[in-house]
Protein chains: 2
Amino acid sequence: MRSLLSDELDDQLDKVQTDIAASQIPIIILFEGGSGRVISRVINELDRNLEPRGINYFHPDVTGGEATAFAEIMKATPGKGEISLYDRSWYSLAVEYCNGDDRVMEAQIEAINSFERYLLDNGTFIIKIAFRMSNDDMNEYLKEYRPHTSIHNTFLSVNHVDRVKFRAVMPQILEGTDTKRAPWDIIDVKGVQETVEKTAETIIKRMKVCLKNAWTKSDCRTIKCCFPNPRKDLELDQDASDYNDRMDELSEELERLQILLAASGRTLVLGFEGWDAAGKGGAIKHICHALNPRGYKVARVKAPTQEDNEHTYLWRFARSMPDAGHITIFDRTWYGRMMVEPIEGFCTEEEYQRSAEEINGFEKVLTIHGTILIKFWLDIDKETQLQRFNDRKNDPLKQWKLTDEDWRNREKWDVYEKYIDTMISSTNTPYAPWIAVPANNKKAARVWIMESVVDRLKAELE
Amino acid sequence: MRSLLSDELDDQLDKVQTDIAASQIPIIILFEGGSGRVISRVINELDRNLEPRGINYFHPDVTGGEATAFAEIMKATPGKGEISLYDRSWYSLAVEYCNGDDRVMEAQIEAINSFERYLLDNGTFIIKIAFRMSNDDMNEYLKEYRPHTSIHNTFLSVNHVDRVKFRAVMPQILEGTDTKRAPWDIIDVKGVQETVEKTAETIIKRMKVCLKNAWTKSDCRTIKCCFPNPRKDLELDQDASDYNDRMDELSEELERLQILLAASGRTLVLGFEGWDAAGKGGAIKHICHALNPRGYKVARVKAPTQEDNEHTYLWRFARSMPDAGHITIFDRTWYGRMMVEPIEGFCTEEEYQRSAEEINGFEKVLTIHGTILIKFWLDIDKETQLQRFNDRKNDPLKQWKLTDEDWRNREKWDVYEKYIDTMISSTNTPYAPWIAVPANNKKAARVWIMESVVDRLKAELE
């Protein structure tokens, strides 16, 4: 296995990689370019010179459906001490999505910059390499980069990216995403050896920048409460006299809409937040009952594991995102970042102040690629909560549901309320709206939720 | 949401489920039957009466390729305190595989019994429910079980199992797998309500059996060294004079064979074990270099996480099994169970004595469904290891590779050797053979490994 790099370059790469490993900084090295074959070949050659432990290779497979591709990309982001090599990335996904409309392109660029800012601010360094070649050169060089085989229709060689489209839109995307902390390195493709050398030099150069740690500093940001808050003036007591009939109707509708969703290949994400004992569990159960179990899963959010903590904080939620045509129901969500985490000191004030913008960015990327996202806040008043706590305390079969923590949280009701209103007012975006659910009456709450889901699915799918 | 169960039955189910949750025993409830629609409907009705926390629903999707279906099934096995509902299971997979040849059916039955014994012995309780109905009844009842929709071609409703084939082979499979510890409960399908009631009664009855804990006792088993041991008389010093040319040839061959594998939809698993400093890392790197990175991943086996420990011990390896057409290279494997675990006391003597049979069963199921599995033992002598340890100690860039544990393991060389020979002699099966690799000369070892992979892939794929 003869390396294409000089001994000197190989030593430098070895040295900087050892320093990076010691620093435990997660690193993304992403490769983009008109030809998948060039990218694969360069990665494969470089592989000889990289110490493989802690390196993960990723190639986005858009055949699984566009709506799932971003979650896959996010799941592949590196943990502490890891390097993720992206053989194509969120940029190829953006190219796919461009349709000639400038506003679409701008939205894509904004979404990308927001995602990269999230990664950088949360400690992940990004190296972006674009391989550039003229059309004539490409046809010439592809001979050198081509493997000696006759079968070209497997997932190994199928190019998911349209070369012409890529060349047409990529310059503008490059320009719009060439940021100070995550600039592009553009490499003109020549023969294999020269290209591999230039790539190695670029990685060494950028890893040295990474080790200086200056990139971690971002502009201060603060939460902006710029959206309407549907909790305000919500009448918590609602009538549920037609409960049984209405639930039967809505269940039948939902059953039908789930089939439309499955056929569409889009995905549905329902996020449930609410006061303790507001009825999240029961509401989820009633939705599930109307659904075909083959098409949904319930993600119950617990304390983060060690693996979770070695990644950026939204990573663990990306792992539970639905497959194409499927539904994930989150029993508690990533909004812990805007409630329990700042209140209990599990994140810093600076991290909290960034969170709304980061979460809006996360939800934006999910939704522009086809995920339908609805967030529920189940609202009850303090008296109702007390009554339900006492009911649980007195029922042997329900006692396990009530913990000391529930009582402690109850004491902080006013603090929580402040954070909840800030959370809703800063993240109630048009693309991922909050539904405030009056839940003093559990049955009325269930109807309210089912109606919201059915109405939204009708609007999106019919 | 009106339950189909009487209050009494509902209370009983609630009570036994609470006891099961307190016991933390992982439980599988699997459903089989001629009609997927009946199964889905019953599960959905039952869902109202089950406390959803800790319940996971699973439906095997064989469209991803048969070779991956078993790993998916294994990944869905429950951890401590969890219940996994299987809407179809390894039985439907077995039905799919039957081809009229009695030996194939017998092999399937043996593989199933071995897998269930593994689950039971390692603390997972299994409830098996088969829905039985005549052909006439089926057509009658399906009307009642049918959802009110017109789209029938999504993953929600497509039945992966051929009904006629199922009815033809299932009786014999039922008979062969109706074991004392995991018997079948057969339920004659009537109207929805009656069927749901009978199913609830069955689950209650079986969960009570589970809580008595008598099922955990299995017959004592001991490791049987019944296969040839290729380590014996292996000449560890080998010549590598034609190294460069041979590696170039073999790499080109492997590149070509990877494409055949991708096109076949089968999977390749390479497991690497060997003495510390035997050259596993380098050998893996050289194989990877010949491969298209889109089609392989390297699974580096570290200490089990808490989540791993809450499952049976082979679960974490199932998680890293390849997708259809892909390759996983394991850097250390499940054979820790037969070396470090018994030596360091991480498993009991009884668990160790069961391990060979369990692992053979695991590998058997993988391979009968199309996985190509090769296991490498990299063999060096004690002097070579000492020399390599010293080389590492003296090289600043390699020092991190050498730990105190390596020196401690070296002191136990003779103990390890005994366990290694037992491991190979008891698991060197025809379907998942060990390749003993003479590795005193690293280059010769790499050629030996590449040749083994290339020869095996040629035999399997050409």
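Into which domains is chain A divided? Select residues 7–216 of chain A for domain 1 and 243–461 for domain 2; these bounds come from an automatic or database domain assignment.

Before going on, a word on the model. This is a predicted model, in which local features need pLDDT of at least 70 and side-chain atom pairs count only at pLDDT 80 or more, while totals for chains, interfaces and linings use all residues. Residues are numbered from 1 along each chain as its sequence is written, chains are lettered from A and ligands numbered from 1 in the order in which they are written, and side-chain values use heavy atoms, with hydrogens and water left out.

**Stop 1: between the domains of chain A**

Colour the two domains of chain A separately. Their C-alpha centres are 35 Å apart. Where they touch, domain 1 of chain A supplies 23 residues and domain 2 of chain A supplies 28 residues, a contact being heavy atoms within 4.5 Å. Together they bury about 2200 Å², with 60% of that from carbon and sulfur atoms. Buried area here is the accessible area (1.4 Å probe) that two parts lose on being put together, summed over both.

Now select Ala67(A), Phe70(A) and Tyr118(A). In domain 1 of chain A, these lose the most area to domain 2 of chain A, together 26% of what that side buries.

How many salt bridges are there between domain 1 of chain A and domain 2 of chain A? The count is one, where a salt bridge is a side-chain nitrogen of Lys or Arg within 4 Å of a carboxyl oxygen of Asp or Glu. Show the side chains of Arg117(A) and Glu357(A) as well: they form a salt bridge at 2.9 Å, N to O.

**Stop 2**

Go to Asn113(A), in helix α5 (residues 102–121) of chain A. Helices (H or I, at least four residues) and strands (E, at least two) are DSSP runs, numbered from the N terminus. Is Asn113(A) buried or exposed? Asn113(A) is buried, at a relative accessible area of 17%; buried means under 20%, exposed over 50%, and partly exposed in between (1.4 Å probe, protein chains only). Setting aside neighbours within four places in sequence, Asn113(A) contacts Gly176(A), Thr177(A) and Thr179(A).

Next, check two backbone angles. Most residues other than glycine have a negative phi. Gln24(A), however, has a positive phi, near 65°. Find Gln24(A) in the loop between α1 (7–23) and β1 (27–33) of chain A; with 39% relative accessibility, Gln24(A) is partly exposed. Asp233(A) also has a positive phi, near 60°. The loop that holds Asp233(A) runs between α8 (192–211) and α9 (243–264) of chain A, and Asp233(A) is exposed, at 81% relative accessibility.

**Stop 3: where the chains meet**

Bring chain B into view. Rotating by 180°, with 0.0 Å of shift along the axis, superposes chain B on chain A with an RMSD of 0.0 Å. The two copies are thus related as by a two-fold rotation axis.

Select the interface: 59 residues of chain B contact 59 residues of chain A. Because 100% of the interface residues of chain B are also interface residues in chain A, the copies meet through the same surface. The chains bury about 5300 Å² between them, 58% of it on carbon and sulfur atoms. Two salt bridges are counted between chain B and chain A. For a salt bridge to display, pick the side chains of Arg294(A) and Asp87(B), at 3.5 Å from N to O.

**Stop 4: the nonpolar core**

Which residues have the most contacts inside the largest nonpolar core? Select Ile29(B), Trp90(B), Ile173(B), Phe272(B), Ile329(B) and Trp334(B), in a core of 139 residues. Such a core is a set of buried Ala, Val, Leu, Ile, Met, Phe, Trp, Tyr and Cys residues joined through side-chain atoms within 4.5 Å. Helix α18 (residues 442–461) of chain B gives the largest share of this core, nine residues. Since domain 1 (7–216) and domain 2 (243–461) of chain B both give residues to this core, it lies between them.

**Last stop: Leu142(B)**

Finish in helix α6 (residues 135–145) of chain B, at Leu142(B). Leu142(B) is buried, with 7% relative accessible area. Not counting residues up to four places away in sequence, Leu142(B) touches Ser35(B), Arg37(B), Val38(B) and Arg163(B).

Technical notes:
Copies are superposed by least squares on the C-alpha atoms of residues with pLDDT of at least 70 in both.
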